[in-house]
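Look over the sequence and the structure shown here before reading on. The notes after it are a short briefing.

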Amino acid sequence: MNNLAPLLAREVARRRTFAIIAHPDAGKTTLTEKLLLFGGAIQLAGAVKARGEQRRARSDWMKVERERGISVTASVMTFEHEGEIFNLLDTPGHEDFSEDTYRTLTAVDSAVMVIDAAKGIETQTRKLFEACRLRDVPIITFINKMDRESRDPFDLLSEIEQTLALDVTPASWPIGMGKTFRGCFDIFKDRLVLFDRGTTQEQTGIEIKGLDDPLLDQRLKPDEAQRLRDEVEMARGLMPKFDLESYREGHLSPVYFGSAVNNFGVGELLHGLAEFAPSPRPQPTTGRKVEPMEDKVSGFVFKIQANMDPKHRDRIAFVRLCSGHFERGMKLTHVRSSKQINVHNAVLFLARDRELAEEAYAGDIIGLPNHGNLRIGDSLSEGEPLQFTGIPSFAPEHLQSVRADDPLRAKHLGKALEQLAEEGAARVLRPQIGTEWIVGVVGALQFEILADRIRTEYGLQVKFEPVGLYAARWVESDDPAKLKAFLDETRAAIAHDHNGDPVFLARNAWHLDRAQQDHPEIRFLKTKEQA
Ligand code: G4P
């Protein structure tokens with residue numbers, strides 16, 4: 001025990017760091033706005049340094065987002081509600097940005113899964129859910145848009161259970177839907193919460209003493225009350241009871257029904273998060289688990305946002321703190337380089353004065369401005385050589401060559417690509433043979449976005465062109481001599497990524513299969529942990 005212990009215990013216990021996962025259009029943005037409304041957001045990341053001139057520069061970039069109607073960059077939103085501090089990490093929902101999203105999910109302790117009540121589980125919901133499952137991230141489900149014609153609640157719950165292989169238990173039960181939506185019965189709190197279309201206020205509930213309470217009959221029409229009683233009874237019979245441990249292990253999801261746009265069900269969801277969602281969890285490193293209440297500060301970089309100010313080429317590294325009491329001005333060790341960083345200008349998306357991070361705890365996200373020395377996956381500590389694990393990198397699925405319109409500026413292009421690669425926006429590969437750059441991305445739309453960024457942030461017109469490559473795989477072997485022999489033999493198909501790691505470029509599926517069959521001693525990796 002140390003004298004920091006009571007402070008750390010208190011601060012860690014009141015933090016909830018979470019993400020909202022949803023298929024586009026399910027209502028993630030709306031729900032985020034409503035949650036922030038409840039909390040009175042303390043700070044919105046991403047807007048942090050955007051003032052005056054800087055804001056204009058940034059808004060150029062935002063234009064790309066607006067034009068496509070998608071949100072490209074994830075951000076952090078911190079708000080406080082009834083003494084709890086919520087760090088909401090935004091995950092871009094578009095499938096083209098899944099890599100960033102996956103990494104953001106490594107920085108949260110729980111997630112809220114938003115489902116459109118008319119559509120149920122959609123492709124992106126499933127993908128994001130699988131990413132959460134990899135790390136046993138506990139999930140609270142919010143079935144949204146009950147004010148519209150929806151699917152039957154039993155049908156929705158059984159779909160979640162079957163397609164995601166996840167136990168579900170209703171936290172609330174909807175009364176009607178669409179035009180006849182009357183509200184929800186809060187199963188956990190034994191309350192009736194009536195729906196008042198269009199209100200911006202939190203709808204207050206009516207205390208009910210069990211489903212047999214005559215108050216229910218006064219407030220609902222006889223058929224509504226009867227149906228509610230029957231359905232809740234049936235749901236209780238069919239589905240498991242809420243079990244905190246099972247939820248925290250990621251096996252069971254409590255399900256809330258609501259309508260985000262009408263602010264309905266949002267308060268209950270927030271209470272659910274406060275009550276059930278885990279506070280910052282221990283984080284794995286190569287050597288040991290780091291407990292959030294350890295007194296020494298540690299954290300890892302899960303995201304880099306570059307060029308918030310194109311003139312200065314500065315970047316912000318988003319660091320998830322994993323332990324200790326962070327204070328402004330402290331020195332942290334950048335584990336990869338063993339260098340000390342004096343952290344006097346960390347941006348906290350939480351500080352009350354909105355600008356500089358005075359202090360922070362496990363679960364908080366701090367932003368460290370830097371010039372490229374911090375990379376995704378890097379660990380920071382107060383000296384111990386910790387290396388946090390589990391931050392994934394994905395082999396690109398789309399590969400194109402890129403060249404500057406003005407060949408004299410090829411060197412600038414190289415620099416721009418290197419920076420984008422370090423930020424994690426793209427994989428940049430340098431083939432062993434030839435002089436061109438190959439850029440790999442996880443979603444095809446990213447080429448367009450990269451071209452836009454290279455133009456606005458680096459003043460370079462570039463062209464991406466197909467190169468007839470099918471796939472890229474990192475190659476590894478336990479035997480360095482065999483790896484070298486393989487690299488020599490397949491020299492024409494080898495490139496190096498920005499870390500200098502070798503990558504095999506396959507022309508087609510057959511080429512990849514053949515190389516794998518001929519070289520069983522070589523591992524061809526689709527994902528790699530950042531190190
Ligand atoms: P996303 O971030 O998950 O992509 O979804 P977003 O919140 O942008 O919501 C998608 C659309 O669904 C929006 O309509 C939004 O208003 C609507 N919506 C969100 N929650 C509810 C709800 O509870 N009930 C109903 N009926 N609609 C909801 P839009 O027409 O695309 O935009 P807008 O012009 O209404 O803003």
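Predicted model: local features only at pLDDT ≥ 70, side-chain atom pairs only at ≥ 80, totals over all residues.

Residues are numbered from 1 along each chain as its sequence is written.

**The protein chain**
- The secondary structure comes to 14 helices and 33 strands; these are DSSP runs numbered from the N terminus, with helices being H or I of at least four residues and strands E of at least two.
- Of the 531 residues, 45% are buried, where buried means that 20 or more other C-beta atoms, placed from the backbone, lie within 10 Å of the residue's own.
- Among contacts with a separation of 6 or more, 73% join residues 24 or more positions apart; a contact means C-beta atoms, placed from the backbone, within 7 Å.

**The ligand shell**
- There are 17 residues around the ligand, and K28, T29, T30, S259 and V261 come nearest; a residue is near if its C-beta atom, placed from the backbone, lies within 6 Å.
- Helix 2 (residues 28–39) gives the most to this shell, with 3 residues.
- By class, the shell has 5 nonpolar, 7 polar and 5 charged residues; Ala, Val, Leu, Ile, Met, Phe, Trp, Tyr, Cys and Pro count as nonpolar, Asp, Glu, Lys and Arg as charged, and the others, Gly among them, as polar.

**Residue V441**
- V441 lies in strand 27 (residues 437–441).
- V441 counts as buried because 23 other C-beta atoms lie within 10 Å.
- Leaving aside neighbours within four places in sequence, V441 is in contact with P396, H398, A426, Q446 and F447.
- V441 and P396 are 45 residues apart along the chain, yet their C-alpha atoms are separated by 4.6 Å.

Technical notes: Buried ≥ 20, exposed ≤ 12 C-beta atoms within 10 Å, placed from the backbone. Contact = placed C-beta atoms within 7 Å.
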